[in-house]
Amino acid sequence: MKRLDPAGGASARLTLAQAQAAGFPVGAENLAVDLADTLARVTTSPVDLLRDQAASDRFWELHAGELPVGWAFPPLAETRRLRDVIRSLLDAAQQGMPLDERAVHELNAFALAASASAQLTVQGAQVARTERWRYARPAHLALAAAAFSAIDTLGDPAIRSNLRQCARPLCTMLFFRGDRRRRWCTPNTCGNRDRVARHYRRRHPRPT
Ligand SMILES: [Zn+2]
């Protein structure tokens with residue numbers, strides 16, 4: 001059973017342009033990686049893109065197409081907590097390090113807060129597979145969906161091994177390498193800066 005499909009299932013997939021327009025430089029990877037990338041460490045000190053409740057709500061709104069019907073905005077502190085847990089686990093996986101047991105336990109607790117059962121819905125001649133979700137608070141639906149996404153990412157060796165960190169020095173954004181063997185988190189931010197820097201070095205070689 002694929003638990004991540006929203007019951008509606010009609011929403012178009014998020015694009016990078018939509019994510020960037022909403023203030024998130026990296027987006028359209030998957031829900032877990034996009035959430036991890038809300039801690040932007042492109043400079044020496046990390047920048048929290050979830051700076052307030054409104055920014056957090058914007059993140060969830062962007063990903064509404066990946067959330068179960070009936071979800072509600074989680075409080076900022078809970079979104080940040082889950083983000084930090086996912087970030088630490090994805091970082092460790094990407095670096096080939098062992099996963100922290102306490103972080104795994106916390107991730108699983110977020111996932112346990114909501115669960116779905118498959119249901120058969122009949123309306124006249126139309127028969128469809130739908131899902132019925134169980135949860136204590138609607139906000140748990142959003143958090144659990146992100147936790148499921150992280151579990152799907154970490155639990156599948158093929159998906160996990162495709163995870164990369166941006167090739168630009170100091171940028172720690174994560175993304176999926178994909179077929180194009182991409183090196184940068186985004187072509188229009190780090191890709192551009194890296195190309196400009198290499199061009200500059202070619203034009204201005206250091207004296208030896
Ligand atoms: Zn980058």
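Mentor: Let's start with Arg 58, which has a relative accessible area of 34% and is therefore partly exposed (buried means under 20%, exposed over 50%, and partly exposed in between, with a 1.4 Å probe and protein chains only). Before going on, please keep in mind that this is a predicted model, in which local features need pLDDT of at least 70 and side-chain atom pairs count only at pLDDT 80 or more, while totals for chains, interfaces and linings use all residues. Residues are numbered from 1 along each chain as its sequence is written, and side-chain values use heavy atoms, with hydrogens and water left out.

Arg 58 sits in helix α3 (helices, H or I with at least four residues, and strands, E with at least two, are DSSP runs numbered from the N terminus). Apart from neighbours within four places in sequence, Arg 58 is in contact with Ala 22, Phe 24 and Arg 51 (contact means heavy atoms within 4.5 Å). For a sense of scale, the C-alpha atoms of Arg 58 and Gly 178 are separated by 26 Å, and these residues are 120 places apart along the chain.

Now turn to the buried side of the helix. Ala 55, Ser 56, Phe 59 and Trp 60 are the buried residues in α3. Looking down the axis of α3, you find these buried residues within an arc of 140°, so they line one face of the helix (the arc is that of the directions from the helix axis to the C-beta atoms). As a general rule, an α-helix has 3.6 residues a turn, so residues three or four places apart point the same way. The partners that the buried residues of α3 pack against are α2, α4 and α6.

Not counting residues up to four places away in sequence, Trp 60 touches Leu 31, Leu 67, Trp 71, Phe 73, Pro 74, Thr 79, Ala 142, Leu 143 and Ala 146. Trp 60 also belongs to the largest nonpolar core, which has 50 residues; Trp 60, Leu 82, Ile 86, Leu 90, Leu 107 and Cys 185 have the most contacts inside it (such a core is a set of buried Ala, Val, Leu, Ile, Met, Phe, Trp, Tyr and Cys residues joined through side-chain atoms within 4.5 Å). Two or more residues of this core come from each of α2 (31-36), α3 (53-62), α4 (76-94), α5 (101-112), β3 (114-123), α6 (138-155) and β6 (174-176). The most is given by α6, with 10 residues.

Rings come next. Ring pairs join Phe 24, Phe 59 and Trp 60 into a cluster (rings of Phe, Tyr and Trp, taking the six-membered ring of Trp, pair if their centres lie within 6.5 Å; planes under 30 degrees apart are stacked, over 60 edge-to-face, and the rest tilted). There are four aromatic pairs in the structure. In the pair of Trp 71 and Phe 73, the ring centres are 5.1 Å apart and the planes stand at 90°, so the pair is edge-to-face. Trp 71 is buried, at a relative accessible area of 19%, whereas Phe 73 is partly exposed, at 36%.

Arg 80 and Asp 48 form a salt bridge through their side chains (3.1 Å, N to O) (a salt bridge is a side-chain nitrogen of Lys or Arg within 4 Å of a carboxyl oxygen of Asp or Glu). Because Arg 80 lies in helix α4 and Asp 48 in strand β2 (residues 47-48), this pair ties together parts that are 32 residues apart in sequence. Arg 80 is partly exposed at 28% relative accessibility, and Asp 48 is partly exposed at 22%. Asp 48 also meets the side chain of Arg 83 in a salt bridge (3.0 Å, N to O). That pair again links distant parts of the chain, with Arg 83 in helix α4 and Asp 48 in strand β2, 35 residues apart. Arg 83, at 1% relative accessibility, is buried. In total, the structure holds nine salt bridges.
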